[in-house]
Amino acid sequence: MLVLYQQYHKHHWLVEGPQFRDLHLFFEEHYNQLHGIYDQFAERLTVLGVIPTCHPTNIVSLSYIQHEEEGVYSVRDMIKNDLEAEKQIAIELRKTFKEAHAEGDVATCYLLQETAFKTEDRAQHLQHFLEDDT
């Protein structure tokens, strides 16, 4: 999630065009939400006796998504990249939920369900931006 957090932050900084203000705030809302979710997962890991990673190399190697290449993208490409990342995270959340459920870890299941809902909500909003004008 930190990789997507960084991507949303980058898009927040670089977005331009007629929808600048709306997208600037939209990306900011998303990276703030992801930061909060990451913090919840890190705290859950400590409850389970695991030390959460914060080293950039480890974060990249453990991520479900890859860092977007450096550079400036069109707004449409930014949103497409964010949507693909959100979809991949949603897939992985479901897999992790099944594992936590099989272990009887109710608290982690709750956190994963809540996160999946937020992930799907962000993805839906991204999809709306990609639709043709009505």
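## Lys 10 and Glu 68

Lys 10 and Glu 68 are joined by a side-chain salt bridge in this predicted model. The N to O distance is 2.9 Å. Lys 10 sits in helix 1, which covers residues 2–14. Glu 68 lies in the loop between helix 3 (56–62) and helix 4 (75–102). The two are 58 residues apart, so the pair links distant parts of the chain.

Both partners, Lys 10 and Glu 68, are buried.

## Glu 86 and Arg 122

A salt bridge also pairs Glu 86 with Arg 122. Their closest N and O atoms are 2.6 Å apart. Glu 86 belongs to helix 4, and Arg 122 to helix 5 (residues 106–130).

## Arg 94 and Glu 120

Arg 94 of helix 4 and Glu 120 of helix 5 are 26 residues apart and link distant parts of the chain. They form a salt bridge, with 2.3 Å between the closest N and O atoms.

Arg 94 has a relative accessibility of 43%. That lies between the 20% and 50% cut-offs, so Arg 94 counts as partly exposed. Glu 120 has a relative accessible area of 36%, and is therefore partly exposed by these cut-offs.

## Overall count

The model holds six salt bridges by this rule. Among them are Lys 10 with Glu 68, Glu 86 with Arg 122, and Arg 94 with Glu 120.

Note on methods:
Residues numbered from 1 in each chain as written. Predicted model: local features only at pLDDT ≥ 70, side-chain atom pairs only at ≥ 80, totals over all residues. Heavy atoms only, no water. Salt bridge = Lys/Arg side-chain N within 4 Å of Asp/Glu carboxyl O. Helix = DSSP H or I, 4+ residues; strand = E, 2+ residues; numbered from the N terminus. Buried < 20%, exposed > 50% of the residue type's maximum accessible area, 1.4 Å probe, protein only.
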